Amino acid sequence: MTSTSTPPGLARFNALEEHAALAALHEVCAAPGWSRRLLTARPYATAEALYAASDAAMAELTAGDLEKAMAGHPPIGRPRPGDPVSAREQSGMAGAAAGLRAEMLELNLAYQERFGHVFLICATGRTGEQLRDAVKERLGNTPEREREIVRTELGRINRIRLARLLEADADAGTGAQADAAED
């Protein structure tokens, strides 16, 4: 019976009032189109169904929604003050030497000048050196290729954040609030 029941975190997410669920989804991804698609497809029977819906919504984001999603992410190496989510995701840069941090700042600026948006990568589990090497490599991409890479990276980030949302403590309120308060 347990294998067919909805996991507790997913059941909590499914049961959230619309405004609370929308706020939780916005914490995962700042693209309104993505959030609306996931919201209207509730309830989800499994976490995999939620992740699949996320992937499908990401694939169909408009250019405007993709811009909004990217705008929700701070540059690598400069997480927003008081934002434990981006600090945790970018922890590979936290202990980086001053030289590497300065190089990342220059690379971030070069990337933004070339592509018109923040360098976006799923930074979870990557070292500062790996992040630096990735931005260097991606600077050579065409804008079209880079846009598709960004879409893929956003999808990875969203899956990680959705998993954390579903794992959030039931006593801590909505999943997004629990996630934000965790670090």
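Predicted model: local features only at pLDDT ≥ 70, side-chain atom pairs only at ≥ 80, totals over all residues.
Residues are numbered from 1 along each chain as its sequence is written, and side-chain values use heavy atoms, with hydrogens and water left out.

**The nonpolar core**

- Ile-76 turns up again in the largest nonpolar core, which has 48 residues; Ile-76 is listed with Phe-13, Trp-34, Leu-38, Leu-50, Leu-154 and Leu-162 as having the most contacts inside it.
- At least two residues of this core come from each of α1 (8-15), α2 (18-28), α3 (32-40), α4 (47-59), α5, α8 (98-115), α9 (128-138) and α10 (143-167).
- The top contributor to this core is α10, with 7 residues.
- A nonpolar core here is a set of buried Ala, Val, Leu, Ile, Met, Phe, Trp, Tyr and Cys residues joined through side-chain atoms within 4.5 Å.
- Buried means under 20% relative accessible area, exposed over 50%, and partly exposed in between, using a 1.4 Å probe and protein chains only.
- Helices are DSSP runs of H or I with at least four residues, numbered from the N terminus.
- In soluble globular proteins, nonpolar side chains tend to be buried together.

**The cavity**

- The structure holds 1 cavity of 30 Å³ or more, and the largest cavity has about 120 Å³ of space.
- Its lining has 13 residues, and the closest to the centre are His-73, Glu-89, Gln-90, Ile-121 and Ile-157.
- On a 1 Å grid over the protein atoms alone, a cavity is a set of points where a 1.4 Å probe fits but cannot get out; lining residues have an atom within 4 Å of a point.
- Grid points are joined across faces, edges and corners, and a volume is the space filled by probe spheres set on the points.

- Pro-74 sits in the loop between α5 (63-71) and α6 (84-89), and Pro-74 is buried, at 8% relative accessible area.
- Pro-43 is in the loop between α3 and α4, and the peptide bond from Arg-42 to Pro-43 is cis, with omega near 0°.
- Asn-141 lies in the loop between α9 and α10 and is buried, at 16% relative accessible area.

Note on methods: 1 Å grid on protein atoms, 1.4 Å probe; cavity = no way out; pocket = protein on both sides within 12 Å on 5 of 7 lines; lining within 4 Å.
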